[in-house]
Amino acid sequence: MLNINYRDGRPVYQQIKDGLRTLIVTGAIQPDGRMPSVRELAQELAINPNTIQRAYRELESEGYIYSVPGKGSFAGEKREVGSERLDELLRRFDETVRELFFLGVTRETLCNRIMEGISQ
């Protein structure tokens, strides 16, 4: 499910958060699908449960997951993702597009790339 790369410059909780977010966004974890418990995931990855808890807490604050007391955590729906996350992604997109233009990538290439991504 998730792999931790200890040579990665990102903190472990960030790798877990990014990995779980990818699973949710790609549909590998369906909306309202149960997330692994903190304890299960900590045992599977052989890391401290507090690290998993931090990743879950941040995913919940971004709207990617929600918690039900006594039941666990579940994947949210895309409409639940906060506007702060959307703003951050659009800012990063704009920065990336500016850099791609600087490197000589054409608008047509970018538009085609976006349309290919939409159809997947």
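## Packing of helices 2 and 3

In this predicted model, helix 2 (residues 38–45) packs against helix 3 (residues 49–62) at an angle of about 125°, and their axes lie 8 Å apart. Helix 2 is therefore oblique to helix 3. The crossing of helix 2 past helix 3 is right-handed.

On the helix 2 side, the contact involves Val-38, Leu-41, Ala-42 and Leu-45. These residues meet Pro-49, Ile-52, Gln-53 and Tyr-56 of helix 3. By class, seven residues of this contact are nonpolar and one is polar, while no charged residue takes part.

## The largest nonpolar core

The largest nonpolar core holds 19 residues. Those that touch the most other members are Ile-16, Leu-20, Met-35, Leu-41, Leu-45 and Ile-52. Helix 1 (12–25), helix 2 and helix 3 each contribute at least two residues to this core.

Among these residues, Leu-41 and Leu-45 of helix 2 and Ile-52 of helix 3 also belong to the contact between the two helices. Leu-45 touches Leu-2, Ile-4, Tyr-6, Ile-16 and Ile-52, when residues up to four places away in sequence are not counted.

## Asn-50, an exposed position in helix 3

Asn-50 is also located in helix 3. With a relative accessible area of 58%, Asn-50 lies over the 50% cut-off and is therefore classed as exposed. Ile-52, in contrast, is a member of the largest nonpolar core, a set made up of buried residues.

## Overall organisation

The protein contains five helices and two strands. Read from the N terminus, the order of these elements is α-α-α-β-β-α-α.

Along the principal axes, the C-alpha atoms fill a box of roughly 50 × 35 × 25 Å. Of the 120 residues in the protein, 30% are buried. Considering contacts between residues at least 6 apart in sequence, 45% join residues at least 24 apart.

Technical notes:
Residues are numbered from 1 along each chain as its sequence is written. This is a predicted model: local features need pLDDT of at least 70, side-chain atom pairs count only at pLDDT 80 or more; totals for chains, interfaces and linings use all residues. Side-chain values use heavy atoms; hydrogens and water are left out. Axes are lines fitted to C-alpha atoms, for helices over the stretch in contact, and angles run from 0 to 180 degrees between N-to-C directions. Helices (H or I, at least four residues) and strands (E, at least two) are DSSP runs, numbered from the N terminus. Angles under 35 degrees count as roughly parallel, over 145 as roughly antiparallel, 65 to 115 as roughly perpendicular and the rest as oblique. A crossing is left-handed if the near helix is turned anticlockwise from the far one by less than a right angle, and right-handed if clockwise. Contact means heavy atoms within 4.5 Å. Ala, Val, Leu, Ile, Met, Phe, Trp, Tyr, Cys and Pro count as nonpolar, Asp, Glu, Lys and Arg as charged, and the others, Gly among them, as polar. A nonpolar core is a set of buried Ala, Val, Leu, Ile, Met, Phe, Trp, Tyr and Cys residues joined through side-chain atoms within 4.5 Å. Buried means under 20% relative accessible area, exposed over 50%, partly exposed in between (1.4 Å probe, protein chains only).
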